[in-house]
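Hello,

Here is the structure I promised to pass on to you. Please have a look at it first, and then read on for what I found.

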Amino acid sequence: MGITLFYAALIICLPLATLILVGARLGPADYWAVVSSPRALASYRVTLGAAALATVFNTFYGFALAWVLVRYEFPGRRILDAIVDLPFALPTAVAGVALTAIFAKNGWFGEPLGALGITVAYTPIGIALAMAFTSLPFIVRTLQPVMEELDGEIEEAAKTLGANKVTIFFRVVLPILVPALLAGVSLAFARCLGEFGAVIFIAGNQPYNTEITALLAFIRIEEYDYPAAAAIATVMLGTAFVLLITTNALQAYARRHEIAP
């Protein structure tokens, strides 16, 4: 326990405390001026909007992918299962370069999409795409173990009582998976908020349009304005903490609801 607490204090608490203390150098008025500037507010909108879009997509697609990997046997299943972990192993900058090349106007997917009037690269859609790519494994890997441990006898019992497949899924299976799904969604959304390498290449980084908050903080660091960078970072840090607290509360409620008769 002592080693664990020392590691947590050294690796987690100390950097966070330093971040808050550096941001506090500004004073309340200057801090508010930095975090509420038009450019900062625009970066929040871009980041939160793209993260929400990516998380919604991954919620449905990640659930379906985990379900297929657990419930079905088919040729290439192990390969597909291994590909899910690719965003963990692939450097995010490499992922950003690859996505930009594929979805650029002359790319494999970008050219046919451009013919339909859809532009992905250097738009908020591209940001959401990069975030979805890097955060998908969090939902799949969180759901998979729970799906594998589902007792098939519960579904059989519901079937013998006259429930159809839709009723069994929504009334029996889904309530058991909700806590794990909430955990995966929160982790995926938090990863989207902090994503940097995969986004900056495909975003275009246009202030007020495709500039994410992480990049704005990085720009302030390059300008040696460390208090402003820390102030912007604390906004995203606070958002992540609120998200995690809310998710834990929802998970606790879902578990109580599951246990209740």
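A quick definition to begin with: helices here are DSSP runs of H or I that are at least four residues long, and they are numbered from the N terminus. In that numbering, A128 belongs to helix α8.

Please keep in mind that this is a predicted model. The average pLDDT of the protein is 85, and 97% of the residues score at least 70. Among the elements, helix α3 (residues 38-71) has the highest mean pLDDT, at 93, while helix α1 (residues 2-24) has the lowest, at 76.

Back to A128. This residue is buried, because its relative accessible area is 5% and the cut-off for buried is under 20%. Leaving aside residues up to four places away in sequence, A128 touches A50, L53 and A54. As for V166, it lies 38 residues from A128 in sequence, and the two are 31 Å apart in space, C-alpha to C-alpha.

Helix α8 (residues 124-148) also packs with helix α6 (residues 92-103), at an angle of about 135 degrees and with the axes 11 Å apart. That angle makes α6 oblique to α8. The crossing of these two helices is right-handed. On the α6 side, the contact is made by T92, A95, L99 and F103; α8 contributes L129, A130, F133 and T134. Sorted by class, six residues of this contact are nonpolar and two are polar, with no charged ones.

Note on methods
Residues are numbered from 1 along each chain as its sequence is written. This is a predicted model: local features need pLDDT of at least 70, side-chain atom pairs count only at pLDDT 80 or more; totals for chains, interfaces and linings use all residues. Side-chain values use heavy atoms; hydrogens and water are left out. pLDDT is the predictor's confidence in each residue, from 0 to 100. Axes are lines fitted to C-alpha atoms, for helices over the stretch in contact, and angles run from 0 to 180 degrees between N-to-C directions. Angles under 35 degrees count as roughly parallel, over 145 as roughly antiparallel, 65 to 115 as roughly perpendicular and the rest as oblique. A crossing is left-handed if the near helix is turned anticlockwise from the far one by less than a right angle, and right-handed if clockwise. Contact means heavy atoms within 4.5 Å. Ala, Val, Leu, Ile, Met, Phe, Trp, Tyr, Cys and Pro count as nonpolar, Asp, Glu, Lys and Arg as charged, and the others, Gly among them, as polar. Buried means under 20% relative accessible area, exposed over 50%, partly exposed in between (1.4 Å probe, protein chains only).
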